[in-house]
Amino acid sequence: MKGNPVEANYKAHLFICTNDRGPNGKRPSCCHAGSQELRDQVKAGCKEKNFPKGSVRINNSDCLDRCENGIVAVLYPEGRWFTNLKPTDVNLLVQAVEEAVKGK
Ligand code: FES
């Protein structure tokens with residue numbers, strides 16, 4: 001029904017900031033630190049894990065307001081934040097997703 005809350009069934013819903021303020025932004029942008037590459041690799045890594053259908057979602061997000069500590073990501077439902085990520089931190093995030101799916 002329109003406007004009613006729905007219950008999400010994701011065991012792991014990861015948001016990775018891919019915000020881009022452009023080269024002259026007043027604050028850093030996660031995009032310029034390689035967050036799109038990280039997001040794409042994490043998504044591919046999660047796909048390889050073959051998690052149960054509908055249990056995981058990996059999303060781009062707009063600014064999470066921790067720009068000076070980018071790349072930034074947050075994993076729900078636990079609300080676990082990751083800061084100062086590098087584009088190579090793929091395994092760290094895939095492992096966090098896996099732990100959430102397994103309820104660890
Ligand atoms: S641009 Fe990524 S947290 Fe602000």
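Why is strand β1 largely enclosed by the rest of the structure? Five of the six residues of β1 (residues 12-17) are buried, so the strand is largely enclosed. Here, buried means under 20% relative accessible area with a 1.4 Å probe, counting protein chains only.

## About the model

This is a predicted model, in which local features need pLDDT of at least 70, side-chain atom pairs count only at pLDDT 80 or more, and totals for chains, interfaces and linings use all residues. Residues are numbered from 1 along each chain as its sequence is written, and side-chain values use heavy atoms, leaving out hydrogens and water.

## The overall plan

Let us start with the whole protein. It has two helices and four strands, and from the N terminus on its elements run β-α-β-β-β-α. The radius of gyration is 14 Å, close to the 13 Å that the globule rule gives for 104 residues, so the protein is as compact as a globular protein of that length. That radius is taken over C-alpha atoms, and the rule is 2.2 Å times the number of residues to the power 0.38. Helices (H or I, at least four residues) and strands (E, at least two) are DSSP runs, numbered from the N terminus.

Of the 104 residues, 38% are buried. Among contacts between residues at least 6 apart in sequence, 62% join residues at least 24 apart; a contact means heavy atoms within 4.5 Å.

## Strand β1 and its partners

Back to β1, which has a partner in β2 (residues 56-61): the two run parallel and are joined by six bridges. Within this pairing, L14 has I58 as its bridge partner.

Strand β3 (residues 73-76) pairs with β1 in the antiparallel sense over four bridges, and H13 stands opposite Y76 of β3. Strands count as paired if DSSP finds at least two bridges between them.

## The nonpolar cores

The largest nonpolar core has 20 residues, and those with the most contacts inside it are L14, I16, V42, L75, L93 and V97. Such a core is a set of buried Ala, Val, Leu, Ile, Met, Phe, Trp, Tyr and Cys residues joined through side-chain atoms within 4.5 Å. β1, α1, β3 and α2 (90-102) each supply at least two of its residues, with the largest share, seven residues, coming from α2.

I16 touches, among others, V42, I58 and L93. A second, separate core of five residues includes C17, C30, L64 and V74.

Note on methods:
Buried means under 20% relative accessible area, exposed over 50%, partly exposed in between (1.4 Å probe, protein chains only). Lists of a residue's contacts leave out its neighbours within four places in sequence.
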